[in-house]
Amino acid sequence: MKRERTHLLRRHVLSISLGLAFVIFGSGSLWAATDLLGAGATFPYPFYSKVFDIYSHHHDVRINYQAIGSGGGIKQLQSRTVDFGGTDAFMSEEELQASPAKVLHIPSCMGAVVVTYNLPGNPKLKMTSEIVAEIFLGKITNWSDPKIKALNPSASLPNLPMSVAHRSDGSGTTFIFSDYLTKVSSEWKSRVGRGKSLNWPVGVGAKGNAGVAGIVQQLPGSVGYVELIYAMENDMPFATLKNRSGNFITPSIDSVSLAANVELPADTRVSITDTDAAQGYPISSFTWLIFYQEQNYGGRSKDRAQATRDLLEYVIHDGQSAAAPLHYAPLPDAAVQQAEANLNSITYTGQSLQ
């Protein structure tokens, strides 16, 4: 798994290099440099990298996806410099209205955000929503805090100051995490709120899930939030969280899938944090691919539009087989059906693309 992670990161660097080469040296039509361009969320990057690689080996198309964060993915789509974007935070009404044409969402897989830490021996810790909120509000500042000790009586907790790490870029992972905290903490809701970028009360920022993971790994006493796969692939500990039903839940494919047992709206823009599912992990989320309903824009050919639709179709069907091996939860049937309906509404010059 670590070797695969290294391979993914190398491909990420190559992807960015190709993108930069296009920006610097490309000329003529925007769409002439590569087959399909995507950009956005780092949360599902290992999943996308694997799926796009498999797809490229079986179809006459190349996919260049740059993991620049959800905020960047939305901006790139709005500026029409990519064929599709990736975001862990569904676009707000304001963002949709600010876009030059109608944007559609389809969920691509599900994941979890975990609270990870660096302590001597890295004991397995339980946390409540209150403890998590107070850590990231800067109210709990030492690992010997009585609230943490009371919940973890058998753990050897040192008298060690906490150092909080958080995302510095526009991040869907931050949106998911802050969405959860906004639901469970009135103080967090009033002081900080939810969003892809926040005015953090405490801590140091880093870019990407990998950046936050890097700080936590290097700094004893640190605590941060990352996507589950980044914690697992780097052998980082993460907390078991008490959910709304009062159960302590370890993040896993099963507990994330259970959290998604909700009614999905037609546009698929739904939050599943703080789930009321008894065995659901409380910081779970869909992640989305976003694209324009009308695909004839900016000199795009019909072939390119069809290639975009075909790739998206593959992600929600055959591509789902890559989710579980990479610690993502595959889409439930209801989400696949709604995603398919959204794909069926794609047009080129007003005519349906199938």
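Mentor: Begin with burial: a residue is buried under 20% relative accessible area, exposed over 50%, and partly exposed in between, with a 1.4 Å probe and protein chains only. Ser-144 counts as partly exposed because its relative accessibility is 23%. This is a predicted model, in which local features need pLDDT of at least 70 and side-chain atom pairs count only at pLDDT 80 or more, while totals for chains, interfaces and linings use all residues. Residues are numbered from 1 along each chain as its sequence is written, and side-chain values use heavy atoms, with hydrogens and water left out.

Trainee: Where is Ser-144 found, and with which residues is it in contact, leaving aside neighbours within four places in sequence?

Mentor: Helices (H or I, at least four residues) and strands (E, at least two) are DSSP runs, numbered from the N terminus. Ser-144 belongs to the loop between helix 5 (129-136) and helix 6 (146-151). Contact means heavy atoms within 4.5 Å. Apart from neighbours within four places in sequence, Ser-144 is in contact with Lys-149, Pro-158 and Asn-159. Its C-alpha atom is separated by 23 Å from that of Val-212, 68 residues apart along the chain.

Trainee: How is Leu-160 to be read, buried or partly exposed?

Mentor: Leu-160 has a relative accessible area of 23% and is therefore partly exposed. This residue lies in the loop between helix 6 and strand 6 (163-167). Beyond four places in sequence, Leu-160 is in contact with residues including Leu-119, Trp-143 and Pro-220.

Trainee: What should one expect of the span of helix 7?

Mentor: The expected span of a helix is 1.5 Å times one less than its number of residues. Helix 7 (residues 172-184) has 13 residues and should therefore span 18 Å; its end C-alpha atoms are 19 Å apart, which agrees. Helix 7 is mostly covered, with eleven of its 13 residues buried; among them are Phe-175, Phe-177 and Tyr-180.

Trainee: Which residues of helix 12 are buried?

Mentor: As a general idea, an α-helix has 3.6 residues a turn, so residues three or four places apart point the same way. The buried residues of helix 12 include Arg-304, Thr-308, Leu-311, Leu-312 and Val-315. Helix 12 (residues 302-316) has 15 residues and reaches 22 Å from first C-alpha to last, close to the 21 Å expected.

Trainee: How does one read the chain as a whole?

Mentor: The protein chain has 13 helices and 13 strands, and buried residues make up 55% of its 354 residues. The radius of gyration is taken over C-alpha atoms, and the globule rule is 2.2 Å times the number of residues to the power 0.38. With 354 residues, a compact globule would have a radius of gyration near 20 Å, so the 20 Å of the protein chain agrees. The C-alpha atoms fill a box of roughly 65 × 40 × 35 Å along the principal axes.
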